Amino acid sequence: MAEQAPSKVTMEKLVSLCQRRGFIFPSSEIYGGLSSLWDYGPLGVELKQNVKQAWWRAIVQERDDVVGLDASIMMHPQTWVASGHLQQFADPLVECKRCHLRWRTDEATDNSCPSCGGELTEPHLFNLMFKTFMGPVEEEASVIYLRPETAQGIFVNFQNVLNTTRKRLPFGIAQIGKAFRNEITTGNFIFRSREFEQMELEYFVKPETADEWFDYWVEERRKWYVSLGIKENNLRLREHTKEELAHYARKCYDIDYLFPMGWAELEGIANRGDFDLRQHAQHSGKSLTYLDEETKEHIVPYIIEPSAGVDRSVLAFLCDAYDEEPDKEEIRVLLHLHPTLAPIKVAVLPLSKRENLVQLAKEIYADLRRSWMVQYDDTQSIGRRYRRQDEIGTPFCVTIDFQSLEDNQVTLRERDTMNQIRLPIAELKKTLAAKLAGEPLFVLPPGGQIWKEERKE
Ligand code: GAP
């Protein structure tokens, strides 16, 4: 964690922008907040949905070999016996005898409290799963857990999916959903929280092909972040040491991102071998094998698991997009979010509140919002409105002025370059569709002009 991000973003700036503009709020803020839980506001929920949708498209909808699933958060308690979480999903914990703060042993290396220097208790294991009771009686027999990973919902449905889809190896089952961990140490905004979302793919393969598929998925997943705008230099791959490997993993690579606090895990890709299917078969008494039609043998597939955090991805996309530029005495803050991820794709801005301008602007707004998430804004100066859209990452603004009433043309302004073109309203939707899909900026339509927005350096 020694290396520092060279960009202009700090966690303080990002947290402040997220709260100020309605991306992310502390949970239950009016009661003083609840530690390490976060609520996504109007823009945050759009961004988060877009991240999940982009993952789902790439992993499920654009592939023949992966299907989706949405399993329950609460599962049969035997699941966690079989998976090993009840015995193994624990951190060694020490408590300060003076201030009673609790620490993971790797955080309190010199055997004194990192906060007050007090003496620490002997370490004891602390299970990270949240416990609750099902039904009206709070007794040991009715204890259930909130899932600490979505993966187990996939393993217990392996036969259901196999029987109903007739998929052949290799194939995958993908799921996006909430996971809960009673983390001892949290922090760094949404990086580590107690309630978060995961995007997990369990990819079932013939054991002898596991290494090949492992390498394939590491590269696929790295490329996915890059395709959505993350700078390659801000990503690295790190192999887990033997001591670090989770109890189920034979091999694991982390895709790390250079967050403002340093390099940290964004996603893990693990070779889980046949651990999970064997464990669930043993504990449930059901057969979880696959009939290899060539050899007529029943085999237990190996599992390659790319497991990504939705919230960590959101944080990485925000950090990577954040930028500041001089703008007269002020600073232009902007998010270079990829258009696929940007919460608002287009802002519609009438130059004034004059009735006929507003009417035309509202017509354009109504038309565009049938295709995209669009915002209408007619308050304050046009310069201020552009800056407000820059700060939330809106890739395009459409400005309607008095000339528009006469020539049926509007100004289209691009966030990153501040370039503007004037084009017929009839061309607007087609042009936006092409640009939002990543076509080169501002190939001029016939009769169009291009110019640069005046920058106040
Ligand atoms: N099924 C494998 C698994 O759960 P993990 O490395 O423990 O593996 C996978 O978690 C991903 O889930 C992490 O790479 C991270 O992105 C996300 N994640 C894990 N714990 C988290 C937490 N407390 N807060 C936010 N995201 C978390």
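**Entry 1: the model.** I am working from a predicted model.

**Entry 2: domains.** I looked up the division of the chain first. Domain 1 is made of two segments, 11–89 and 128–318. Domain 2 covers 91–125, and domain 3 runs over 344–452. For domain 1 and domain 3 I noted a distance of 39 Å between their C-alpha centres.

**Entry 3: where domain 1 meets domain 3.** I counted contacts next: seven residues on the domain 1 side touch six residues of domain 3. The size of an interface is often given as accessible area lost when the parts come together, so I looked that up too. The two domains bury about 580 Å² between them, and carbon and sulfur atoms account for 53% of that area. Which residues of domain 1 lose the most area to domain 3? I found Arg21, Leu43 and Glu46, which together make up 65% of what the domain 1 side buries.

I then checked for salt bridges across this interface and found two by the rule. I also looked up Arg21 by itself: Arg21 forms a salt bridge with Glu391, and their closest N and O atoms are 3.0 Å apart.

**Entry 4: the second largest pocket.** I noted a volume of about 330 Å³ for this pocket. The lining has 16 residues, and those closest to the pocket centre are Asp327, Glu330, Gly383, Arg384 and Arg387. Two elements, β18 (330–335) and α11 (382–391), each give two or more residues to the lining. The largest share is that of α11, with five residues. How many of the lining residues are charged? I have 11 charged, against three polar and two nonpolar.

**Entry 5: the loop between α6 and β9.** I went to this loop for its backbone. Helix α6 spans 158–165 and strand β9 spans 171–180. Arg166 is in the loop, and I read its phi as near 55 degrees, a positive value in a residue other than glycine. Pro170 is in the loop between α6 and β9 as well. The peptide bond that joins Leu169 and Pro170 is cis, with omega at about -5 degrees. I marked both entries because most residues other than glycine have a negative phi and most peptide bonds are trans.

Methods. Residues numbered from 1 in each chain as written. Predicted model: local features only at pLDDT ≥ 70, side-chain atom pairs only at ≥ 80, totals over all residues. Heavy atoms only, no water. 1 Å grid on protein atoms, 1.4 Å probe; cavity = no way out; pocket = protein on both sides within 12 Å on 5 of 7 lines; lining within 4 Å. Points joined across faces, edges and corners; volume = space filled by probe spheres on them. Helix = DSSP H or I, 4+ residues; strand = E, 2+ residues; numbered from the N terminus. Nonpolar A, V, L, I, M, F, W, Y, C, P; charged D, E, K, R; others polar. Domains from an automatic or database assignment. Contact = heavy atoms within 4.5 Å. Buried area = accessible area lost by both parts, 1.4 Å probe. Salt bridge = Lys/Arg side-chain N within 4 Å of Asp/Glu carboxyl O.
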